[in-house]
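Here are some notes for a colleague opening this entry. Please read them with the structure in view.

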Amino acid sequence: MLGKAVEDAMNEQIKNEFFSAYQYLSMAAYCESENLPGFAQWMRTQSQEETEHAMKFYDFILDRNGRVVLHGIEEPVVEFGSPLEVFERALEHEKKVTAMINELYALAVRENDYASQTFLQWFVTEQVEEEKNAGDVVDTLKMIGDKSEALFLLDRELGQRRTEEQPTA
Ligand SMILES: [Fe+2]
Ligand SMILES: [Fe+2]
């Protein structure tokens, strides 16, 4: 059985992961409006992964005989100044999520909840990847500057991203 404090915090994290999905989908919509379909595809895939993260918490709570309680999701940011700003905000967001995951882990340690600690380790590793992915694109976009040909090529490259379930063809 899941302790109340960890259960509450995980329910809060379900909301945070769904907010992430919503924010990335909003970034995808902005990229579509800027005629950057590859950037949009990258963000759409990211959004799907965030929904999967939310569902991992959902299923874990159920597996531990806890009660899933869904909370309201805030409105995402809809306007951005540039593709660089989109990815800078994505990186900032992921850093915040990393802090949330670390806090959750610290709570599981305080509560002597070993099963939750093991479960959360996947998220600790995932956040390293999340920050790296967004950070790499930020670095590339800074290098590109206002060279539109390079932006076009990056858009093509980012458009290759798919989730595991989606075929690449
Ligand atoms: Fe996530
Ligand atoms: Fe994320």
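Metal site and helix packing

1. The iron ion (ligand 1) is coordinated at 2.1 Å by E17 (OE), E50 (OE) and H53 (ND1). Donors are N, O and S atoms within 2.8 Å of the metal (3.2 Å for Na, K and Ca), and water is not among the atoms, so sites may look incomplete. The spacing of these donor residues in sequence is E-x32-E-x2-H.

2. This is a predicted model, in which local features need pLDDT of at least 70 and side-chain atom pairs pLDDT 80 or more, while totals for chains, interfaces and linings use all residues. Residues are numbered from 1 along each chain, chains are lettered from A and ligands numbered from 1 in the order written, and side-chain values use heavy atoms, without hydrogens and water.

3. E50 also coordinates the iron ion (ligand 2), which lies 3.3 Å from the iron ion (ligand 1). Both E50 and H53 sit in helix α2, three residues apart, about one turn of the helix. Helices are DSSP runs (H or I, at least four residues), numbered from the N terminus.

4. E50 is buried at 2% relative accessibility, and H53 is buried with a relative accessible area of 2%. Buried means under 20% relative accessible area (1.4 Å probe, protein chains only).

5. α2 (residues 37-63) passes α3 (residues 83-110) in a left-handed crossing, meaning that the near helix is turned anticlockwise from the far one by less than a right angle. On the α2 side the contact (heavy atoms within 4.5 Å) includes W42 and E50, and on the α3 side F87 and E94.

Technical notes. Axes fitted to C-alpha atoms, helices over the stretch in contact; angles between N-to-C directions. Helix = DSSP H or I, 4+ residues; strand = E, 2+ residues; numbered from the N terminus. Buried < 20%, exposed > 50% of the residue type's maximum accessible area, 1.4 Å probe, protein only.
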